Amino acid sequence: MFSYRNKESCIIFYKRKIEVNNGTYFLRVCSQSFLCKFISIVFLHYKTTVMNSRRDFLQKIAAATIAVPFSSQVTTACKANNKSYDGPALRVAIMGLGSYGTRVAEAMRDCKDAKLVGVISGHPEKISAWQSRYNIPVKNCYNYENFDNVKDNPDIDAVYVITPNGLHHDEVIRVAKAGKHVICEKPMALNAKQGQEMVNACKKANVRLLVGYRMHFEPKTLEVIRMRKAGEFGKILFFQGLSGFVIGDPTQWRLNKELAGGGALMDIGIYSINGSRYMTGEEPLWVTAQETKTDPVKFKEGVDETIQFQLGFPSGAVASCLSTYSMNNLDSFFLNGSQGFAEMQPATGYGPIMGHTHKGELAQPVVTHQTVQMDEMSAIILQGKQPVVPVDGEEALKDLRIIDAIYEACRSGKKINLNL
Ligand code: NAD
C-alpha cells in the first residue's frame, strides 16, 4: 500500500507528484487578508521577543541584530517561491531522516508556505547528504545529543519528529522545552499517559503540537466529511475500516515492543481508529476487541499481529475494524447512512485515494498529501487557521486513549468504556 513497502505505489507517487506540479491544484491559503499577514508577522516577532526575554542581555542584543536579516530572508524566500501568500513560511527541521522523513522532505520541495531548513540525525553521513540535497546550512544541523540547542536558533520555527514511535515522547518534550513548535508523527506516543504529558509540556512551553494526520487535508476525505456534515448520508449507522499489510523484515523497529509500542494497531490500525472518528463525526463511547496471532515468533509478546475491534458511538452508530500485519490489500473505509454511503479504497495510502458515494465517483483532485499537510500546518501554526478536522495533540490523545482501551479489551475480553 505504501511506497516504502511497495515499489509500484512509489511509481504512482512520483507520477502523481509530476501531475500535481503541472496541474492547477493546491489546497492553499490564497486569500489572506492584509490584516492576517500583518498579525502573523507580529506574532513571529512577538515570539522571538518573548523567547529572548529568558536569555541574558548579550543574547538579547544578538537576537536584535538577527531580526533584520531574518525579515529580509523571509521576504527573499517568499519571492523565490513566487508565493501569492507573502507572509513568512514555516521553517521546519526534520528529526529522523528515515523513509518517511525522506518522503516529507521531498514533498516539502513543492510547499508554498513551509520550508525545510534544518535536520536532526544521529548519522553524520545522512546529514551531509541532506545538506547538499536540500541546501541546509551547517548551523541548522543537529544530532540527538545537542538538538536542545535549537532553542538558540532563530531560523527554525518548528521541528517535525519522524522517528520510531517509542522516541516521540521524550523528543517532543525536549523540542517543546527548546521553545519550538512541534509536529510529531503518528502514533503520537506509546500510550495516553505519554500523550497527555506531551500535550502538557507543549502547553506549558506555549508552543503548538500538531500530529502528522495527513488524511485530514486530503480532498476526497474532506468531501465525504462535507457530505456527512450536510446530512447527505442521512443518519450515520455504520463504519467499516480495514487497515493492513504484510510486514517484512522481522528485525525492524516496527516489530520491537519498546520502539513501536505494540504492533499493527500502533502503525496501521490507527488509520481505522482515526478514520472511524472523522468519517462518523462522533467520539466512541465503548470498544470491544479480539486479537489473533498466527506467528508468535515474528510477533512477540506485546506486538500485535491482527486485532479486530468494534466501536460504539453516542448516536447508536457502530464501527467494525480490522488491523493487521499479515494481510495485503487492506486499505478501505465504508460509511453507511440511512440515505447513502461512501466507500473509499485506497482510503489512507499515499494516493491516489479513490472512492465513490451513492451520488457517484469522488472526483476531487489528487494531491501529494505531505505537501498539502505542511502548507496547511504552516497556516495553522503561523496564522491560527482552524483545520476542518483537528490535527493537534488533543486529537492524537483521543486515538491513544482508544488504543489503550483496545489493548485492554484484548487482554480482558471485556467491553471497555471510553471517556474521550
Ligand atoms: P524509518 O525506520 O524509515 O526511519 C526512522 C528514522 O529514525 C531513521 O532515520 C533512524 O535512523 C532514526 N532513528 C533514530 N533513533 C532510532 C532508534 N533508536 N532506532 C531506530 N531508528 C532510529 O521509519 P519511518 O517509516 O520513517 O517511520 C518513522 C515515524 O513516522 C513512525 O512514527 C511512523 O509511524 C511514522 N510514519 C508515518 C507515516 C504517515 O503516512 N503519516 C508513514 C510512515 C511512517
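Helices (H or I, at least four residues) and strands (E, at least two) are DSSP runs, numbered from the N terminus. This is a predicted model, where local features need pLDDT of at least 70, side-chain atom pairs count only at pLDDT 80 or more, and totals for chains, interfaces and linings use all residues. Residues are numbered from 1 along each chain as its sequence is written, and side-chain values use heavy atoms, with hydrogens and water left out.

Take Asn329 to begin with: look for it in the loop between strand 10 (318–324) and strand 11 (330–337). Its phi is positive, about 60°, although Asn329 is not a glycine. Asn329 is also exposed, at 71% relative accessible area; buried means under 20%, exposed over 50%, and partly exposed in between (1.4 Å probe, protein chains only). You'll find Asn206 in the loop between helix 7 and strand 6 (209–211), exposed at 61%.

Now for the ligand. There are 26 residues around it, and Ser99, Tyr100, Asn165, Lys186 and Arg214 come nearest (a residue is near a molecule or strand if one of its heavy atoms lies within 4 Å of it). By class, that shell has 12 nonpolar, 8 polar and 6 charged residues. Here Ala, Val, Leu, Ile, Met, Phe, Trp, Tyr, Cys and Pro count as nonpolar, Asp, Glu, Lys and Arg as charged, and the others, Gly among them, as polar. Helix 6 gives the most to the shell, with 3 residues.

What holds an N or O atom 2.7 Å from an oxygen atom of the ligand? That's the side chain of Arg214. A polar side-chain atom of Trp253 lies 2.8 Å from a ligand oxygen, and a backbone N or O atom of Lys186 is 2.8 Å from one too. Polar contacts are pairs of N or O atoms within 3.5 Å; within protein, one must be able to donate a hydrogen and the other to accept it, and residues adjacent in sequence count only if both atoms are side-chain atoms.

Stay with Lys186 for a moment: a cis peptide bond joins Lys186 to Pro187, with omega about -15°. Pro187 lies in the loop between strand 5 (181–184) and helix 7 (192–205). Another cis peptide bond links Gly351 and Pro352, with omega about 0°. Pro352 belongs to the loop between strand 12 (341–344) and strand 13 (355–357).
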